[in-house]
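Here is a short briefing on a predicted model. It covers strand pairing and a chain contact.

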Amino acid sequence: MKPVTAEVVESRPRSRARGRGRGRGRAPLPLLLPALLGLAFLLVPLVALLVRAPWRSLPQQLTSTEVWQALRLSLVCATAATAVSLVLGVPLAWLLARTSFPGRRMVRALVTLPLVLPPVVGGVALLLALGRNGVVGRWLDSAFGITLPFTTAGVVVAEAFVAMPFLVISVEGTLRAADARYEEAAATLGASRFTAFRRVTLPLIAPGVAAGAVLAWARALGEFGATITFAGNFPGRTQTMPLSVYLALQSDPAAAIALSLVLLAVSIAVLAGLRDRWMAAP
Amino acid sequence: MTATTPTTPTTGLDAHLVVDRGGFNLDLCLAAAPGDVVALLGPNGAGKTTALRALAGLTPLSAGHLCLDGAELDGTPPEARPVGVVFQDYLLFPHLTALDNVAFGPRCHGMPKAAARAHAADWLNRMGLADHAGAKPRRLSGGQAQRVALARALATHPRLLLLDEPLAALDARTRLDVRAELRRHLAAFEAVAVLVTHDPLDAMVLADRLVVVEGGRVVQEGTPADIARHPRTDYIASLVGLNLYQGRADGHAVRLDAGPHITTTEDLTGPVFVAFPPSAVTLHRDRPDSSARNAWQGEITGLESHGDQIRVDLTGELPLTADLTTAAVAELGLHTGASVWATVKAAQTHAYPA
């Protein structure tokens, strides 16, 4: 898929070319200057992170118990949040893509709301819903003795709340693009709608689901606002990497940089994993 | 045939399909006995595929009924109908091998995995595809994919087999082989088969009976030979390559709705169709002598090479199509816009009641 796209991108200016051609001509200064500034603006902080990294003490920094604790907690919670998002989000995406019910557009808009909602607001909302005195939380507490705020499970809840919309939107798009007639073919062969989903649709949209899951996972890993609001900042229990970085910056900047490098490495790995899917777009 | 109630046959298909879909209205009756192969033939947009989808349960009926082997199927979801479908572009599941595609149906019907795969292997074997059991659909040729799709549809032992343009996705050469092979499989199929096509040749080779559909309605049905000889609409006439006119007969003379009279050998009264093949038409530059009774003046609107003949389209008193040899066209000096006389011998026309 990638080479095809590259060819299209390349051949387009050529086919339109007149004289020196749009693709190769010199860019006008009023565009070039801000463009280069923008590029520098995005890249310089990352370079600074690498330049100022305490490379010598890095191994020691990264092997400290606190770092490992925070990293382990981050990975576990982000993975759990992704799992929750998959279990709830894929069926939700299917509902949005394959059925029609009154208010479907409204539901879709509400699903995407956490994408644009400030995460701190999400955290406050979660407290009001699932806090010990929250709308649902009170009942969870009295009926099952379950308390979510300021627990590791609370971290997972906060991260899933913020990350799931990414997965839902990604999977819904893939479902809409997938040929629904395969499901009809499955039905004529005796498959119930659920069997058709499980044995035909899901394998066909697997790449889209995987991409959505990676995106959700990355979002969950970096989640700060909702987590600190809903789950607090207890080392070993709810203190994930981003929280740990923020805290370390005030007491031990070298540790903060080391932790940031780890998160940067994870982000680059995610981008590399998704490059075929998103970077190939012209 | 025995019947539990006077109106419902206990075997075969008895359907009255009514589908109302904003602006398009399908209303057709279809009946077939087990072993019948029925072709729904019609131009694009005639409603053939809608009819097929209604039979499969993929499009709900607005009214009417659908009875298969004595059981009412209207309201039954597609997965619960004893119906197999071969889709136009086959819709083989791309992530499954040919074998697993064929085993999919039996698995859904509760057959254990090993048994379903053995059953599927048997079907692939019957289709001559044993070597391709492990291939994914994208590695199959068009003809092979078609046979896998047929095997997949037959593997659930349907009582009604539906084929949507079964040969349309194939190139001309493969088509010939696959058509002959499909004919064998359909002839061996013991239940009702309904196929949809816009290709008259496919319909005539594959089916015992044609149902011609235009604008959501049945306009004619019968055996292929009958329909080829006695077309009742312009669409069918042009499909089988005939000039067709409607008119009123009074003995050997028929006054055509288009205006002129035509003399035929049949002796009929009342509304009739008159048909004659393009090869029966002779063209002249000058008015022919009076012995030719069927002579009309016209103007050439088109000349087109058609095999080793030239097909000439005429407008005028009687719009018609004529087939001439290249030599005749050259000798007469015919060109678009030329004014000519067309004659047809009465013996070469064919009139039948409308």
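Which residue in β12(B) is the bridge partner of B:Arg255? The partner is B:His261. The model is predicted, so read the points below as features of a prediction.

**The β11-β12-β18 sheet**
- In chain B, three strands make an open sheet, ordered β11-β12-β18, with antiparallel pairing.
- β11 (243-256) and β18 (350-353) of chain B are the edge strands. Each has a single partner strand, so one side of each is left without a neighbour in the sheet.
- On average, neighbouring strands of this sheet are turned by 40 degrees against each other, direction ignored.
- Twelve bridges pair β11(B) with β12 (residues 261-276) of chain B in the antiparallel sense.

**Pairings of β1 in chain B**
- Strand β1 (residues 13-21) of chain B runs antiparallel to strand β2 (residues 24-32) of chain B, and nine bridges join them.
- Within this part, B:Val19 has B:Leu26 in β2(B) as its bridge partner.
- β1(B) and β2(B) form a hairpin, with two residues between them. B:Gly22 lies in the turn and has a positive phi of about 25 degrees.
- β1(B) also pairs with strand β4 (residues 63-68) of chain B, antiparallel, through six bridges.
- In β4(B), B:Ala63 stands opposite B:Val18.

**Contact between chains A and B**
- Chain B gives 17 residues to the contact, and chain A gives 14 residues.
- On the side of chain B that touches chain A, β6 (83-86) and α2 (98-108) of chain B are the elements that give two or more residues.
- That side of chain B has ten nonpolar, five polar and two charged residues.

Notes: Residues are numbered from 1 along each chain as its sequence is written. Chains are lettered from A and ligands numbered from 1 in the order in which they are written. This is a predicted model: local features need pLDDT of at least 70, side-chain atom pairs count only at pLDDT 80 or more; totals for chains, interfaces and linings use all residues. Two residues are in contact if their C-beta atoms, placed from the backbone, lie within 7 Å. Helices (H or I, at least four residues) and strands (E, at least two) are DSSP runs, numbered from the N terminus. Ala, Val, Leu, Ile, Met, Phe, Trp, Tyr, Cys and Pro count as nonpolar, Asp, Glu, Lys and Arg as charged, and the others, Gly among them, as polar. Two strands pair if DSSP finds at least two bridges between them. Axes are lines fitted to C-alpha atoms, for helices over the stretch in contact, and angles run from 0 to 180 degrees between N-to-C directions.
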